[in-house]
Amino acid sequence: MPAISRFLALFSLLFALSAQAAGYIDPLDRLSFTVPSGWKVRSSRVDGVRTLRVVPPKADERERAAISVEIRKRRLRRGETLESLAERFRKADGDREPASLVRLAPTAGRLTVAYREGQFVSDSLWIMRRNLQVFLLTGRRDVIEARCAANASEYATYRRSLESVCLSLVVLKGRS
């Protein structure tokens, strides 16, 4: 009997964990990431670039917290590398503070940065936003860029959901 109850407890735990988040696989850009429960993935074009947006279920989360989760593929600029991006984020630039986290894994082709950035919103209100950004090399000059951001005052509330998307990003191997 105890073995059955342990099995049922383990099964319940696994079911609860799977209900909290789901994996998303994008066949076009050959990438995968976790989507928090209730959130939706929408594909759109932003400045001519295909962009995946991960949208929270409630409108007040999108508005009050100004949650923005975008994943897109782009070409690296001339002379731009993961190392040069890491160095750029280590220093303040305009309204962006120096990154509080810069984690570069060159052999994995992955750069993770976390930083705060100020911006003016309606009626000249200055607001701080927290950003978590992941860059993944997919070739010599191609990179997948994931940016998860929210107003700094609301970031702690949504931190786990935002991290679950950005930090779970992987490029799928195999046919292109």
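Predicted model: local features only at pLDDT ≥ 70, side-chain atom pairs only at ≥ 80, totals over all residues.

Trainee: OK, where is Asp29 found?

Mentor: In the loop between β1 (21-26) and β2 (31-36). Helices (H or I, at least four residues) and strands (E, at least two) are DSSP runs here, numbered from the N terminus.

Trainee: And is Asp29 buried or exposed?

Mentor: Asp29 counts as buried because its relative accessibility is 16%. The cut-offs are under 20% relative accessible area for buried, over 50% for exposed, and partly exposed in between (1.4 Å probe, protein chains only).

Trainee: What does the side chain of Asp29 make a polar contact with?

Mentor: The side chain of Arg50, at 2.9 Å. A polar contact is a pair of N or O atoms within 3.5 Å; within protein, one must be able to donate a hydrogen and the other to accept it, and residues adjacent in sequence count only if both atoms are side-chain atoms. Leaving aside neighbours within four places in sequence, Asp29 is in contact (heavy atoms within 4.5 Å) with Arg50, Lys73 and Ile144.

Trainee: Switching topic: what does the chain average for pLDDT?

Mentor: 86, and 86% of the residues score at least 70. That's the predictor's confidence in each residue, from 0 to 100. Over residues 5-19 pLDDT stays under 50, and the model has one contact beyond four places in sequence for that stretch.

Trainee: How many residues has the largest nonpolar core?

Mentor: 24, and Phe33, Ile71 and Leu169 are among those with the most contacts inside it. Such a core is a set of buried Ala, Val, Leu, Ile, Met, Phe, Trp, Tyr and Cys residues joined through side-chain atoms within 4.5 Å.

Trainee: Which element gives the largest share of this core?

Mentor: α4, with five residues.

Trainee: Now the strands. How many bridges join β6 to β7?

Mentor: Five, between β6 (residues 101-105) and β7 (residues 110-121), which run antiparallel. Two strands pair if DSSP finds at least two bridges between them. Arg103 has Thr112 in β7 as its bridge partner.

Trainee: And which residue in the turn has a positive phi?

Mentor: Gly109, at about 65 degrees; that hairpin has four residues between β6 and β7.

Definitions and conventions:
Residues numbered from 1 in each chain as written. Heavy atoms only, no water.
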